Amino acid sequence: LLDTWRLQRWVIDEQELGRGSSGAVFRSTDNRLGEVAIKFSHSDQPCKLEREAALMQRVAHEHVCRLYEHHISEDGQLIGMMLELLEKGSLAQRVKEATGGRLGEFEVVSMAFDVLSALK
């Protein structure tokens, strides 16, 4: 299924953008959407990623990553999600790159308002 999903459609960059308990995310180029992020499941609890996809489909907000599409294997398990590529990186990356390993007060407050706006 994965091969038919990507056949002549997108190319994965070797750059891994992140890894978590449910999957790994890679930068990719899709011939229809341009630069995207693709999350591949490696979870032993596929329902967790399926719930994530279902929630992302219902949310449309400038501070929430958009889900373009997802693919499910023949046995009903989610194997991948094509997501909006967010260029700013993770919070951990931003802290690491900040002067002295600390974000400025204004930046922290601004991020907090963005998160609260998305949660609203």
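Glu69 and Arg32 form a salt bridge, with their closest N and O atoms 4.0 Å apart. A salt bridge here means a side-chain nitrogen of Lys or Arg within 4 Å of a carboxyl oxygen of Asp or Glu. The two partners sit in distant parts of the chain, 37 residues apart: Glu69 is in strand β4 (residues 67-72), and Arg32 is in the loop between β2 and β3. Arg32 counts as exposed because its relative accessibility is 59%; exposed means over 50% relative accessible area, buried under 20%, and partly exposed in between (1.4 Å probe, protein chains only).

Before going on, note that this is a predicted model, in which local features need pLDDT of at least 70 and side-chain atom pairs count only at pLDDT 80 or more, while totals for chains, interfaces and linings use all residues. Residues are numbered from 1 along each chain as its sequence is written, and side-chain values use heavy atoms, leaving out hydrogens and water.

## Two further pairs

Side chains of opposite charge can pair when their charged atoms come close. The structure holds 6 salt bridges. One of them joins Glu84 and Arg66 (3.7 Å, N to O). Glu84 lies in strand β5 and Arg66 in the loop between α2 and β4, so this pair ties together parts 18 residues apart in sequence. Glu84 is buried at 18% relative accessibility, whereas Arg66 is partly exposed at 44%.

Glu107 and Arg94 also meet in a salt bridge (2.6 Å, N to O).

## The overall layout

The chain has 4 helices and 5 strands, following the pattern α-β-β-β-α-β-β-α-α along the sequence. Helices (H or I, at least four residues) and strands (E, at least two) are DSSP runs, numbered from the N terminus. Of the 120 residues in the chain, 30% are buried.

## A nonpolar patch

Which residues make a nonpolar surface patch of about 520 Å²? They are Val109, Phe113, Val115, Leu116 and Leu119. Such patches are made of residues with over 30% relative accessible area and no salt bridge; nonpolar side chains (Val, Leu, Ile, Met, Phe, Trp, Tyr) are joined within 5 Å, and like charges within 9 Å. Accessible areas come from the Shrake-Rupley method with a 1.4 Å probe, and for residues only the protein chains shown count as cover. Phe113 lies in helix α4 and counts as exposed, at 55% relative accessibility.
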